[in-house]
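Visitor: I'd like to learn how to read a fold with a ligand in it. Could you walk me through one?

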Amino acid sequence: MTREVIVLGAGMIGTCTALHLALRGHAVTLVDRRGPGQETSYGNAGLIQREAVEPYPFPRDWATLLRVALKRGADVNYHLNALPAVAAPLVRYWAHSSPQRHARIAQAYGRLIEHCTDEHQALITRAGADDLVRREGYRFVFRDVASFDEGAARAQALLASHGLRHVVEDGDALAQAEPALRRRLAGAIHWLDTWAVSDPGELVERYAALFQQLGGRMVRGDAATLQATASGWRVGTEAGPVEAEQAVVALGPWSDTLLRSLGYRYPLFVKRGYHRHYTGGKAPRLALYDVDRGLVIAPMKRGVRLTTGAEFARLDAPATPVQLDRAHALASELVDLPEPVENAPWLGARPCTADMLPVMGAAPGHRGLWFNFGHAHQGFTLGPVCGRLLAELMDGERPWIDTAPYRPGRFN
Ligand SMILES: Cc1cc2nc3c(=O)[nH]c(=O)nc-3n(C[C@H](O)[C@H](O)[C@H](O)COP(=O)(O)OP(=O)(O)OC[C@H]3O[C@@H](n4cnc5c(N)ncnc54)[C@H](O)[C@@H]3O)c2cc1C
């Protein structure tokens, strides 16, 4: 049965949700205050991370906590004035990161990640977006021998538990594989099943174009105008009010604002991140994750994109790109990054939940309202999987992955 649906948010998650609903023949309006894929889904490292079967836990060893507290690394920064607001979800994040709980959570996370490349491929083919995707994997590179040994052991364990294909490369093999490297490193793990997208925002645009070809409607509008009506939901758009029986909240890091206005209190927070492109140097062949310094160097369309780790700050606080400066100095030890492309760094925010799992399913307190947000470090990877799952739930089907671990009511 064809139903009318409003999807709020045209990032990777909302666009894939709208696309899967349209593929099922529903009449879908995708609403965003900007174009598709122009926020977080634009600025990420572009990796479809088949290897990311375990979500990032909160660090629990004292050495790392001290380094973070003293803001010594390029991987983490925080705004002191944001801490009172994020303290409660961060404490829960810390508790969920105990080895036993993290292992259980990782099982539920891994079940989503397992399907990421297959589900992207189905949409990439239909959207004619193969030209944006490289399927040669990417590398974790290690500066220190001890962390390389630890990384290799972990990769071996992931091969045994999840079949994650990889090659362990020593310093010589890495130097040969990546001639752009300026110095010898301890070694690398080359993950073979991860894909790299040369322009993440453009992949979302191609998915949105496919959605429109299927009859989907894309309009600019403000999700804050969402209102319940007698028969469903209404939102204000540039094309006038749009009404539908069902609505989906897929606003990424902005989801919390709308949820609060509807009376929901989720343990959400953001990990902000920066990027900048550089040209004029020798680009690495594949994306490199500098494990010991927490930054990613990714060759892309606009140049080599350098991305940073997490900044705990208010979503709307002014940019403080100190991490990017540090990351640039550290990354320049590895590859030549002479000429910045943009005048100022890009800033985005990973939408995070305290238990590291996305929130996906029917809103506990409203009829016809659905949630799909909180995909944290891997929302670009998970868009097609989670879009399909939500569409199946909305159609009253039993989804092909058990969605109980992601149900919106789990925090109550
Ligand atoms: C530095 C960095 C690197 C990353 N690298 C990777 C990676 O390599 N691989 C990976 O899988 N993930 C990565 N991520 C995470 C990934 O980018 C996010 O998880 C993902 O983009 C979230 O998608 P989304 O659709 O939920 O949110 P978004 O892409 O932010 O989409 C939300 C949409 O909501 C719209 N919106 C907001 N408010 C309103 C409103 N009031 N009215 C209407 N519209 C509104 C916005 O305009 C936006 O289009 C990275 C993130 C960062 C910051």
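Guide: Domain 1 covers 4-43 + 201-266 + 356-411, and domain 2 covers 57-112 + 124-193 + 267-353. One caveat: this is a predicted model, where local features need pLDDT of at least 70, side-chain atom pairs count only at pLDDT 80 or more, and totals for chains, interfaces and linings use all residues. Residues are numbered from 1 along each chain as its sequence is written.

Visitor: How many residues does each domain put into the contact?

Guide: Residues are in contact if their C-beta atoms, placed from the backbone, lie within 7 Å. Here, domain 1 gives 30 residues and domain 2 gives 22. On the domain 1 side, helix 9 (200-213) gives the most, six residues; helices are DSSP runs of H or I, at least four residues, numbered from the N terminus.

Visitor: And which residues come nearest to the ligand?

Guide: Near means a C-beta atom, placed from the backbone, within 6 Å of the molecule. Of the 42 residues around the ligand, Gly 11, Asn 44, Gly 252, Gly 273 and Gly 379 come nearest.

Visitor: What does the radius of gyration say about the overall shape?

Guide: It is taken over C-alpha atoms, and the globule rule is 2.2 Å times the number of residues to the power 0.38. For 412 residues a compact globule would have a value near 22 Å, and the protein has 21 Å, which agrees. The C-alpha trace spans about 65 × 45 × 45 Å along its principal axes.

How values were computed
Domain bounds come from an automatic or database domain assignment. Two residues are in contact if their C-beta atoms, placed from the backbone, lie within 7 Å. Helices (H or I, at least four residues) and strands (E, at least two) are DSSP runs, numbered from the N terminus.
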